[in-house]
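Please open the model in your viewer and keep the selection panel at hand. We will go from one selection to the next, and at each stop you can compare the text with the picture.

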Amino acid sequence: MRSFLPYTKKYRKEIILGPIFKFLEAVFELMLPLFMAKLIDNGIRANNRTVTLQMAGIMLLMSFIGLGCVLTCQYYASIASQGFGTELRNDVMRRINRFSHAEINHFGTSTLITRVTNDINQLQYALAMLIRLAIRAPFLSIGSIFMAFTIRPQITWVFLLTLPIFSLLLMLIMKRTVPLYKRVQIKIDKLNLVISEHLSGVRIIRAFAKKQTEAAKVAKTSDELAEAYTRVANISALLTPATTLIMNSVIILILYLGGIDVDTGAMGQGDVLALVNYMTQMLLALIIVSQLVIVFTRAFASAGRINEILKTEPSVVDSGDSATASWQQTPAIVTFKQVDFRYTPKSGRALTDISFQLKTGEFMGIIGPTGSGKTTLMQLIPRFYDISAGELLIHQQPITNYSLNELRRHIATVPQTSVLFSGTIRSNLQWGKPHATDEECWHALDIAQCTEFVKGLPQQLDAPVLAGGKNFSGGQKQRLTIARALIKQPALLILDDSLSALDYQTDLNLRNALRKNMAGTTIIVISQRISSVQGADNILVLNDGGQDGFASHDVLMQTSKTYRSIAESQLNNKEATIHA
Ligand SMILES: Nc1ncnc2c1ncn2[C@@H]1O[C@H](COP(=O)(O)OP(=O)(O)OP(=O)(O)O)[C@@H](O)[C@H]1O
């Protein structure tokens, strides 16, 4: 919890003043029964109108001042907790943004979402409760006993006896509920994961007619959460009747003992009512203390989960300002020297002994069977992961000498799965280059073979794009993501199987347009199609994470068994007759 203190720094004033106002309100609340006793005994019973009005006036005034104090405290609590939550959330998001793909894989997207939303909300709520109730509740319980003592010391033992009995009851209930609340948190995480998988894969689920199976999975997880909640709620529900039982019993006892004292003239009737009031205040304050314990237990669990994110160091360390390399063009843009790569220290090698050099301005192809390591290799170049062994040079400098910003400014990657963001075609293109002009947008769309279908849309560049680009076909999405990369005018463009959804003719047109219009750009095309890489200056052939050739098509046909078998299986195919 201490690690969260810096996020409260800006709100010190609110965090100090809030409880002070709440404390004042509690003082007024403690005083009220005293004035009520005077109103009854010295005013109403004595038939003294002046005292009655005076006491009623004082009580009214105190209630209004108390209200003012509550509102002020509430205001400070909102400002501090919301501000704290926002700062923490921003910091957590900054940390997540620094994560490499390895840490994102390790946590998983759904738990990251739960932590950024639900867990931070728990902490926010705990801070608000701390400001509003953490001082007030214990003060009211102890203050009630003290005030009862000032009224009738002989009856204080009832209060002193009730306190441990009630505390024992609370402890028993909390001992059962606190671990259950932790379980609830885990179940919420699981439900989020299942629902997010269900929603993001809704089309596949329907295509495979798995609606019922998946719905049953969601229902089962939901039932588990409901069951965990119900167990905790059932136990917590004991608190109210048990409190009422204790409260009513001790009130009867106070009325009985008070009645005797009233008979003997040792106490007034108003005093008895004041004692009853103090007993109610004490027990209600104790219930609030118990709820606070639950709020803080949940907040502790959330704090642990947030801390896990904040303490995770990204495995790809950004040199940032201490970077020694700036992008200076040399004849060799990318050099791999005996590179090995493992996704985790314990997993096997996804790439083994990869060595090749990509010359600036060249067009390189990467081909290999599925799972051979093509995407893995491509992800090393913008440093989404760090290599495990060997050397990776960019313009003849170790890749780690560049800041991530500098590196990624000059490299554009178009991943296998096309990701578009909700907005318009223009706003998506401007991801590649902020403030790109219409002319630049159309030029990029033209190279990416999008002009025809974008011109066909009523709003053209301002045509809406739904989340995930769901209102475009697979091929259109691929071309739009390529246009977004092109508008950046990158020094190195990597297309990872990004032409797979295009028909052969569009694929060819796109590659020709790229060569014609992006002369200064070095291009890497990863593809399963021989026709997409056949015209490349050099083609890297991968097989099971290893390198099985790096040469031109003609040379590889002679030297690489893997390449030859892929080529022969495809070039016999009629479709493959259209090639570069
Ligand atoms: N995030 C990951 N964590 C662990 N292993 C991974 C991860 N991503 C890929 N792999 C493994 O690395 C190997 C290479 O995968 P990669 O995606 O690079 O293959 P690929 O050649 O691009 O395949 P495809 O043509 O099917 O896209 C596979 O065995 C795969 O299981």
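The tour below goes from domains to helix pairs and ends at the ligand.

Before selecting anything, note that residues are numbered from 1 along each chain as its sequence is written. Note too that this is a predicted model, in which local features need pLDDT of at least 70 and side-chain atom pairs count only at pLDDT 80 or more, while totals for chains, interfaces and linings use all residues.

**Domains.** Colour residues 2-311 as domain 1 and residues 332-417 + 491-577 as domain 2, as the domain assignment of the protein gives them; such bounds come from an automatic or database domain assignment. The C-alpha centres of domain 1 and domain 2 lie 58 Å apart.

**H5 and H6.** Next select helix H5 (residues 136-151) and helix H6 (residues 156-200), whose axes come within 8 Å and cross at roughly 160°. Helices (H or I, at least four residues) are DSSP runs numbered from the N terminus, and axes are lines fitted to C-alpha atoms, for helices over the stretch in contact, with angles from 0 to 180 degrees between N-to-C directions. H5 and H6 are therefore roughly antiparallel to each other, a term for angles over 145 degrees. Show the side chains of Ile145, Ala148 and Phe149 in H5, which meet Thr156, Phe159 and Leu160 in H6; two residues are in contact if their C-beta atoms, placed from the backbone, lie within 7 Å. By class, this contact has five nonpolar, one polar and no charged residues, where Ala, Val, Leu, Ile, Met, Phe, Trp, Tyr, Cys and Pro count as nonpolar, Asp, Glu, Lys and Arg as charged, and the others, Gly among them, as polar.

**H4 and H10.** Now select helix H4 (residues 109-133) and helix H10 (residues 269-311), whose axes come within 8 Å and cross at roughly 140°. H4 and H10 are therefore oblique to each other, and the residues of their contact divide into 14 nonpolar, two polar and four charged.

**The ligand.** Which residues come nearest to the ligand? Of the 13 residues around the ligand, they are Tyr343, Thr370, Lys374, Thr375 and Thr376; a residue is near a molecule if its C-beta atom, placed from the backbone, lies within 6 Å of it. Helix H11 (residues 374-380) gives the most to this shell, with three residues. By class, the shell has two nonpolar, ten polar and one charged residues.

Terms used:
Helix = DSSP H or I, 4+ residues; strand = E, 2+ residues; numbered from the N terminus. Parallel < 35°, antiparallel > 145°, perpendicular 65-115°, else oblique.
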